[in-house]
Amino acid sequence: IYVLMDTSKSMLAQDIVPDRLSRAKRIVEDVLDKLEGDRIGFIPFASGAYIQMPLTDDYQLARMFLGVMDTDMISGGGTNLAAALRLAADSFDRSSGSDKVILILSDGEEHDEASAEALRSIADELVKIFAVGIGTEKGGLIPVYNAAGNEIVDYMKDKDGQPVTSRLNAGTLRRLAEEGRGVYYQATPQGTEISLLLSDLSRLQR
């Protein structure tokens, strides 16, 4: 499993409690709790993407890497999901006959056709795409924190000085999951998406 974690600033929006990134990390923690020897790796993405943690079955190490994941890992604006998809696909062991899972956790903002093209370039029947949409259609403001990161001092504004409202864009994520022979889930206050995801992953070829 390669976890593609959206670490763009919009993941700080608090329309999902306590915020989108924290919810995404909670989902990954629950996945880690259920793994039994399966390897997992992390690829954070924003304006770019990189392998933060290669595939490993050391879940204690994985929790350490997950804990330090934040929206300052990758500088610059934008959300380059296409780069993360290609990086994950190129990093799998192609000789293995087990299913290879790409799990995307994102609010879907600023994704374009490049991600769909990247998925088509993978073209591997063993690679399956699962995606969890983190956020709400109503959306939320994007907080700006102080240097210590413990207090909101402002909210992100557009070029006209108006607060930016970030909304969940499920369309791209849903299409990627469908074309990638996986499933799309939407994060809920009750966390029902977690049990559905874990159930679907448990049926794959180990």
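The largest nonpolar core of the predicted model comprises 31 residues, a nonpolar core being a set of buried Ala, Val, Leu, Ile, Met, Phe, Trp, Tyr and Cys residues joined through side-chain atoms within 4.5 Å; buried denotes under 20% relative accessible area with a 1.4 Å probe, protein chains only. Ile1, Ile40, Phe42, Leu105, Val132 and Leu197 touch the most other members. At least two residues each are supplied by several elements, including strand 1 (2-6), strand 4 (100-106) and helix 6, where helices (H or I, at least four residues) and strands (E, at least two) are DSSP runs numbered from the N terminus. Helix 1 provides the largest share, six residues. A second, separate core of 26 residues includes Ile43, Ile102, Ile122 and Ala177.

Beyond neighbours within four places in sequence, leucine 105 has contacts (heavy atoms within 4.5 Å) with residues including Val3, Met11, Ile27 and Val132.

The axes of helix 3 (residues 81-91) and helix 4 (residues 113-122), lines fitted to C-alpha atoms over the stretch in contact, with angles from 0 to 180 degrees between N-to-C directions, come within 8 Å and cross at roughly 15°. Helix 3 is therefore roughly parallel to helix 4 (angles under 35 degrees). Residues making this contact include Leu85 and Arg86 of helix 3 and Ala118 and Ile122 of helix 4.

Residues are numbered from 1 along each chain as its sequence is written. In this predicted model, local features need pLDDT of at least 70 and side-chain atom pairs count only at pLDDT 80 or more, whereas totals for chains, interfaces and linings use all residues, and side-chain values use heavy atoms, with hydrogens and water left out.

Notes:
Buried < 20%, exposed > 50% of the residue type's maximum accessible area, 1.4 Å probe, protein only. Parallel < 35°, antiparallel > 145°, perpendicular 65-115°, else oblique.
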